[in-house]
Amino acid sequence: MNISIITVGKLKEKYLIQGIAEYLKRLTAYAKVDMIEVADEKAPEELSELEMIQVKQKEGERILAKISQDTYVIALAIQGKMQSSEELAETLDKLATYGKSKIAFIIGGSLGLSDEVLKRSNEKLSFSKMTFPHQLMRLILVEQIYRAFRINRGEPYHK
């Protein structure tokens, strides 16, 4: 299975980089996982509704340029469906069973994802109704992907 995690913006926090690197190393036993960063759109602190849409569209174009036609896309979005770790494991297992070997998880920037990216996604996944920093979501997501593979292999994992 080839998994891409496509994210907006450069990760700068050392502790997050180290945590993600640890889980990516652990995941090599189960899948090929690539972390793909696309540039975030520079914008002032205060934005109009139109400016927010424009920023998301520009970031969305960069995201969509990284996705091939045969990729199954899971967008992380607050309005998405919440799943337990076991349900995410089942989702990944079903995708593998039905020949979906290319999967991309999308994490938007601080303003979220463009409508175009959400339309391209095959499903939307929510980790919580709470808002998390998009940089932190990278670590949470990669840990949950690792946990899903452990669950599917019947290997022990922390509950």
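In this briefing, Ala, Val, Leu, Ile, Met, Phe, Trp, Tyr, Cys and Pro count as nonpolar, Asp, Glu, Lys and Arg as charged, and the others, Gly among them, as polar. The model is predicted, with local features needing pLDDT of at least 70 and side-chain atom pairs counting only at pLDDT 80 or more, while totals for chains, interfaces and linings use all residues. Residues are numbered from 1 along each chain as its sequence is written, and side-chain values use heavy atoms, with hydrogens and water left out.

**The sheet**

- Helices (H or I, at least four residues) and strands (E, at least two) are DSSP runs numbered from the N terminus, and two strands pair if DSSP finds at least two bridges between them.
- An open sheet is formed by 5 strands in the order β2-β1-β4-β3-β5, with parallel pairing, and its edge strands, β2 (32–38) and β5, each pair on one side only.
- From one strand to the next the twist averages 30°, where angles run from 0 to 180 degrees between N-to-C directions and axes are lines fitted to C-alpha atoms, for helices over the stretch in contact.
- Strand β1 (residues 2–8) runs parallel to β2 and is joined to it by 7 bridges, and Thr-7 stands opposite Glu-37 in β2.

**Helix α5 and its contacts**

- Helix α5 packs on the sheet, touching β1, β2, β3 and β4 (102–107), and its direction makes about 165° with that of β1; contact here means heavy atoms within 4.5 Å.
- The axes of α3 (residues 85–97) and α5 come within 8 Å and cross at roughly 75°, and α3 and α5 are therefore roughly perpendicular to each other, a term for angles of 65 to 115 degrees.
- Among the residues making this contact are Leu-88 and Leu-92 of α3 and Arg-147 and Ile-151 of α5, and by class the contact has 5 nonpolar, 3 polar and 4 charged residues.

**The two pockets**

- A pocket is an open set of points on a 1 Å grid over the protein atoms alone, where a 1.4 Å probe fits, with protein on both sides within 12 Å along at least five of seven lines, and lining residues have an atom within 4 Å of a point.
- The largest pocket has a volume of about 500 Å³, and of its 23 lining residues the closest to its centre are Leu-76, Ala-77, Ile-78, Gly-112 and Phe-132; a volume is the space filled by probe spheres set on the points, which are joined across faces, edges and corners.
- The largest share of that lining, 4 residues, comes from β3, and the lining divides into 13 nonpolar, 9 polar and 1 charged.
- The second largest pocket, of about 370 Å³, is lined by 18 residues, with Asp-40, Glu-41, Glu-59, Ser-110 and His-134 nearest its centre, and its lining has 6 nonpolar, 5 polar and 7 charged residues.

Definitions and conventions: Parallel < 35°, antiparallel > 145°, perpendicular 65-115°, else oblique.
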